[in-house]
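User: I would like to learn how to read salt bridges, cores and helices in a model. Can you walk me through a case?

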Amino acid sequence: MQKKEKNILITGSKSIIGQEVIRYLSRDYSHQIIEGGRTESTKDKNEYRYLDLNDTSTFSSALKNIDTVFLVFPRAINYVKKTFVTFLEVCKKENVKEIVFCSIKKSNFSFFVPHNKVEKLIKRSGLKYTIVAPSYFMQNLTTFFLDDIKSNQCIAIPGYSSKINWIDARNVGYVITKILHDMTNFENSTMELTGDENKDFMEVCAKLTAALSRDIEIQPNTKLFIKSLNEKGLTPSEINKLLIFYLAESLSRNKTKLNNNYEKIANKKPTRLHEFIIRHLSDLTCSKSPQLTLL
C-alpha cells in the first residue's frame with residue numbers, strides 16, 4: 001500500500017543533518033517539504049515558514065497543517081525546558097501526528113547535554129516519536145575544524161587521545177528520511193547510529209596528512225582550543241558545552257559499541273573515514289571555508 005504524502009516541517013534546515021535530510025527527501029520522495037527557521041534558504045525552493053524556537057509566538061503558524069516534524073536542537077536556545085514543553089504542546093494543538101528528533105549518542109555524562117532533556121520531554125508528550133542518536137559527524141572536519149586544517153595545518157582539540165566513533169551525516173540523513181517517510185517500524189523508540197570506526201584525532205590527522213600530502217598535526221592545548229572557538233564566534237555558553245563534551249569523551253574508558261542499524265536499513269556498510277576525506281578533498285584544500293554549522 002502506497003504511503004500517503006505528508007507535510008513535513010524541517011527545523012535546522014541549514015545544519016549539517018538538516019541539509020542531508022532535505023537532499024534525500026527531495027530526491028527520493030514526493031512529500032511536501034516545509035523549511036522552518038529564522039531565515040529563508042536561498043538555494044532550496046521548498047516552502048518556508050518563519051520559526052524562532054526562542055519565540056513561542058512563532059510556533060502555531062509554523063506548525064499549522066503539519067503532519068510530521070523533524071526536530072534539530074538549535075545552536076542557541078535560551079530556556080530549553082520551557083521552549084520545548086511549549087513547542088510540543090503546540091504540536092499537539094495543531095494536530096501534528098509524529099516527531100523525529102535528531103539527538104546525539106549517549107555518553108556517561110549525558111545529563112550535561114541539553115539534548116537529553118528534550119528526549120525526556122518528547123517521550124512524555126504523548127506524540128508518536130522516533131529519536132535518532134548518531135555518533136560524531138565526519139562533517140565536523142569540513143565545517144568546524146576546517147579553518148584550522150587549511151590555515152594552521154592542525155586540529156586544536158583537548159583529550160585527543162580518546163577514541164570516538166565517526167559517522168557520515170549522509171548515512172544519518174538517509175536513515176532519518178526513511179523514518180520520516182514511514183515511522184511504522186520505528187515508532188516510540190530510540191535508534192543509535194554508529195559508523196564502523198572508532199578513531200582518535202591523532203589517527204584522523206594521520207589520514208588527513210596522507211590524503212592532503214601535507215602534515216596535519218594535533219594541538220592538544222585547551223587554551224588554543226578555546227581561542228579557536230572564540231574565533232569561530234561561539235558564545236561562552238556554547239564553548240562550555242563543548243568543553244564538557246570533550247572532557248566527557250576523554251574521561252570515558254569505554255569505546256563506542258558499534259551497531260549495524262545503518263546497514264540493516266540501507267543494505268550497505270556505512271561510509272569509512274578515508275572515503276569521506278577523499279570525497280571532500282576539494283573542501284579541505286580550497287581557499288574559502290563554508291559557513292560554520294553545528295548540529
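User: How many salt bridges does the structure hold?

Analyst: Start with the general idea. Side chains of opposite charge can pair when their charged atoms come close. The term here means a side-chain nitrogen of Lys or Arg within 4 Å of a carboxyl oxygen of Asp or Glu. The structure holds 11 salt bridges. One of them joins K6 and E98, with 2.6 Å between the closest N and O atoms. That pair links distant parts of the chain, 92 residues apart. K6 lies in the segment before β1 (7-11), and E98 in strand β5 (residues 98-102).

User: What kind of model is this, and how should I treat its numbers?

Analyst: This is a predicted model: local features need pLDDT of at least 70, side-chain atom pairs count only at pLDDT 80 or more, and totals for chains, interfaces and linings use all residues. Residues are numbered from 1 along each chain as its sequence is written, and side-chain values use heavy atoms, with hydrogens and water left out. pLDDT is the predictor's confidence in each residue, from 0 to 100. The protein chain has a mean pLDDT of 88, and 88% of its residues reach 70 or more. Over residues 288-295 the pLDDT is below 50. Beyond near neighbours in sequence, that stretch still has 27 contacts in the model; contact means heavy atoms within 4.5 Å.

User: Are K6 and E98 buried or exposed?

Analyst: K6 and E98 are both buried. Now take R27 and D28, a salt bridge with its closest N and O atoms 2.7 Å apart. R27 counts as exposed, because its relative accessibility is 54%. D28 is partly exposed at 35%. R49 and E47 also meet in a salt bridge, at 3.0 Å from N to O. Here R49 is buried at 16%, while E47 is partly exposed at 34%.

User: Which residues touch the most other members of the largest nonpolar core?

Analyst: First, the term. A nonpolar core is a set of buried Ala, Val, Leu, Ile, Met, Phe, Trp, Tyr and Cys residues joined through side-chain atoms within 4.5 Å. The largest one has 31 residues, and I17, F70 and I176 touch the most other members. Elements that each supply at least two residues include α1 (16-28), β4 (68-72) and α6 (169-181). α6 gives the most to this core, with 7 residues. A second, separate core has 28 residues, among them I164, L208, L273 and L284.

User: Which residues of helix α4 are buried?

Analyst: Helices (H or I, at least four residues) and strands (E, at least two) are DSSP runs, numbered from the N terminus. An α-helix has 3.6 residues a turn, so residues three or four places apart point the same way. In α4 (residues 114-124), the buried residues are P114, H115, N116, V118, E119, L121 and I122. After the helix comes G126, with a positive phi near 90°.

Technical notes:
Buried < 20%, exposed > 50% of the residue type's maximum accessible area, 1.4 Å probe, protein only.
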